[in-house]
Structure formats: C-alpha cells, structure tokens
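Try each task before you read its solution.

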Amino acid sequence: MWRTIYAEHGHDYPRENWSQIIGGWGNSAFDPARALQELEPKAVDLQAVRSRHRDESNALIQRAPVMPGVQELLAAARRLGLRCAIASSSERAWVEPHLSRLAC
C-alpha cells in the first residue's frame, strides 16, 4: 500500500527503507508517512495517510487466502502429534484474528 500511496503523490517508495520496517521489532527509525510528508509537506496529512494505509492494508489482508501447502502441512503435523507454533514480528492482537479467519 505504501507504494501505491507514494505513487499517487508522484514518488517512488524507497524499497531500502521498506526492508527496515518489515519483519522488525518496531525499532526502525523509518516512518513511511513522515518520509512522504517530507517530500510533500503541504499535501500530506500524517493522520489521514496512516489511517488510509492501515485500512487498505487490512482490507487486502482480509482477502488473502492461506498460502498453498500450509493447511496440508498443519494437518500432517496434527496427525503426527507435533506441536505447532507461529513466529511473527507482528503483535499477537494482529496475528490471532487472521488465524481465526483462516481456521488455522
């Protein structure tokens, strides 16, 4: 979604900065909304752009199916009596609703 938002403002989203915020522990100094505001000080409302990013990202995620092979792998693990866990840099409050939605 950041790529789309940046493009609408006539800018490329800095991929090298994206890698700082994905899979991290929230300690990156890079803030995509603030970086866009620095490029377009009069055209970017921080609260509005953050809200749009969150809402549209969540909508995309809600439509995403389970990745191929995941359900089968989990079923095989259950048959073998293996315990499974999820490792994520995302907050538990974000992960659990998706697990419920996908019946994992």
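## Exercise 1: Trp-2

Leaving aside neighbours within four places in sequence, Trp-2 is in contact with Tyr-13, Pro-32, Ala-33, Val-49 and His-53. Contact means heavy atoms within 4.5 Å. The model is predicted: local features need pLDDT of at least 70, side-chain atom pairs count only at pLDDT 80 or more, and totals for chains, interfaces and linings use all residues. Residues are numbered from 1 along each chain as its sequence is written, and side-chain values use heavy atoms, with hydrogens and water left out.

**Task.** State which helix holds Trp-2, and decide whether Trp-2 counts as buried or exposed.

**Solution.** 
1. Find the helix. Trp-2 is in helix α1. Helices (H or I, at least four residues) and strands (E, at least two) are DSSP runs, numbered from the N terminus.
2. Recall the cut-offs. Buried means under 20% relative accessible area, exposed over 50%, partly exposed in between (1.4 Å probe, protein chains only).
3. Apply them. Trp-2 has 10% relative accessibility, so Trp-2 counts as buried.

## Exercise 2: The core

**Task.** List the residues of the largest nonpolar core, then find which element gives the most to this core.

**Solution.** 
1. Start with the rule. A nonpolar core is a set of buried Ala, Val, Leu, Ile, Met, Phe, Trp, Tyr and Cys residues joined through side-chain atoms within 4.5 Å.
2. List the members. The largest such core has ten residues: Trp-2, Ile-5, Tyr-6, Tyr-13, Phe-30, Ala-33, Leu-36, Val-44, Leu-46 and Val-49.
3. Sort by element. Two or more residues come from each of α1 (2–8), α3 (32–39) and α4 (46–63).
4. Pick the top giver. That is α1, with three residues.
5. Check one member. Beyond four places in sequence, Ala-33 touches Trp-2, Val-44, Leu-46, Val-49 and Arg-50.

## Exercise 3: His-98

**Solution.** 
1. Name the partners. Outside four places in sequence, His-98 contacts Ile-61 and Gln-62.

## Exercise 4: The whole chain

**Task.** How many helices and strands does the protein have, and what is its radius of gyration?

**Solution.** 
1. Count. There are six helices and zero strands.
2. Compare. A compact globule of 104 residues would have a radius of gyration near 13 Å, but the protein has 18 Å. This radius is taken over C-alpha atoms, and the globule rule is 2.2 Å times the number of residues to the power 0.38.
3. Of the 104 residues, 18% count as buried.
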